[in-house]
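Here's a quick briefing to read alongside the coordinates.

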Amino acid sequence: MAIILKNIITEELLNKARQNDAAASRQLWNICWPIVFNVCTRMLDNEFIATEVSVEALTQFIIKYIHSIEHAEAVRTYVQLIAVRLAIKERRRQQRRSLMDMDELAAATTLNLEERANYKLLIPRLESCLAKLSPKTQKILKLRFFRGMTNPDIGNLVGASKQYIGRVLSKSISTLRKCIERPRTPQHFRQSGSLL
């Protein structure tokens, strides 16, 4: 019997995912991703942050909460609730951050004026460089650095070996470093309309 039929979550798929079957967990992730990402993008303004929250929601569901589900029909609603809860938390976090004055934060540190300016310029550049990576690479980076997962755990979740995950991480970090360190040209300023 087929486990997945046109994005239908079956009892068999749910049971296999509960038993830590990597293929079933991947299928469940792929079925639930559009649902969770849709919720997060509607609630959050930034697509990058929505992706991050979506990864967090699905990771929590597959690792922590999958055993709480009794029927396959409840999975979609459960992941939506997790996504809403995490998106609300993220929205509150963003509001708190926006209230915090960046100059006060920088003044509280031991950074000199030039280091503070560089720090302020680095964050938007990092976000734009991350947006240039593939969704799969972004997902792997988030699982590794935001969730603290190991390469074998990430490999099981995305269907790859730990060596492949290590290569993706190494290559993507190198790509990000080059992107961030690349000097911005006058032509770039004209295209983006930005002075930074």
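**The disulfide**

Cys-129 and Cys-179 are joined in a disulfide, with 2.0 Å between their sulfur atoms. Keep in mind that this is a predicted model. Searching the whole structure turns up 1 disulfide.

- The S-S torsion for Cys-129 and Cys-179 comes out at about -80°, so this disulfide is left-handed.
- Cys-129 sits in helix H6 (residues 113-131) and Cys-179 in helix H9 (residues 162-181), so the bond ties together parts that are 50 residues apart in sequence.

- Helix H2 (residues 22-43) and helix H3 (residues 47-65) have axes that come within 9 Å and cross at roughly 140°.
- H2 and H3 are therefore oblique to each other, and their crossing is right-handed.
- On the H2 side, the contact is made by Ser-25, Leu-28, Trp-29, Cys-32, Trp-33, Val-36, Phe-37, Cys-40 and Thr-41.
- H3 brings Glu-47, Ala-50, Thr-51, Val-53, Ser-54, Val-55, Ala-57, Leu-58, Thr-59, Phe-61 and Ile-62 to that contact.
- Sorted by class, the H2 and H3 contact has 14 nonpolar, 5 polar and 1 charged residues.

**Helix packing: H3 with H7**

- The axes of H3 and H7 come within 10 Å, crossing at roughly 60°.
- That angle makes H3 oblique to H7.
- H3 passes H7 in a right-handed crossing.
- From H3, the contact uses Phe-48, Thr-51, Glu-52, Val-55 and Thr-59, while H7 supplies Gln-138, Lys-139, Lys-142 and Leu-143.
- The class breakdown for H3 with H7 is 3 nonpolar, 3 polar and 3 charged residues.
- Thr-51, Val-55 and Thr-59 of H3 are in this contact with H7, and they also turn up in the contact with H2.

**Helix packing: H7 with H8**

- Helix H7 (residues 135-145) and helix H8 (residues 151-158) have axes that come within 10 Å and cross at roughly 140°.
- H7 and H8 are therefore oblique to each other, and the crossing is right-handed.
- Lys-136, Lys-139, Ile-140, Leu-143 and Arg-144 of H7 make the contact with Asn-151, Ile-154, Leu-157 and Val-158 of H8.
- By class, the H7 and H8 contact has 5 nonpolar, 1 polar and 3 charged residues.

- The protein chain has a mean pLDDT of 80, with 80% of its residues at 70 or more.
- Among its elements, H2 has the highest mean pLDDT (91), and strand S1 (residues 4-5) the lowest (39).
- Residues 1-5 stay under 50 in pLDDT, and the model gives them 10 contacts beyond four places in sequence.
- Residues 192-196 are also below 50, with 6 contacts beyond near neighbours in sequence.
- Where pLDDT is low, the predicted coordinates should not be read in detail.

Terms used. Residues are numbered from 1 along each chain as its sequence is written. This is a predicted model: local features need pLDDT of at least 70, side-chain atom pairs count only at pLDDT 80 or more; totals for chains, interfaces and linings use all residues. Side-chain values use heavy atoms; hydrogens and water are left out. Axes are lines fitted to C-alpha atoms, for helices over the stretch in contact, and angles run from 0 to 180 degrees between N-to-C directions. Helices (H or I, at least four residues) and strands (E, at least two) are DSSP runs, numbered from the N terminus. Angles under 35 degrees count as roughly parallel, over 145 as roughly antiparallel, 65 to 115 as roughly perpendicular and the rest as oblique. A crossing is left-handed if the near helix is turned anticlockwise from the far one by less than a right angle, and right-handed if clockwise. Contact means heavy atoms within 4.5 Å. Ala, Val, Leu, Ile, Met, Phe, Trp, Tyr, Cys and Pro count as nonpolar, Asp, Glu, Lys and Arg as charged, and the others, Gly among them, as polar. pLDDT is the predictor's confidence in each residue, from 0 to 100. A disulfide is a pair of cysteine sulfur atoms within 2.5 Å.
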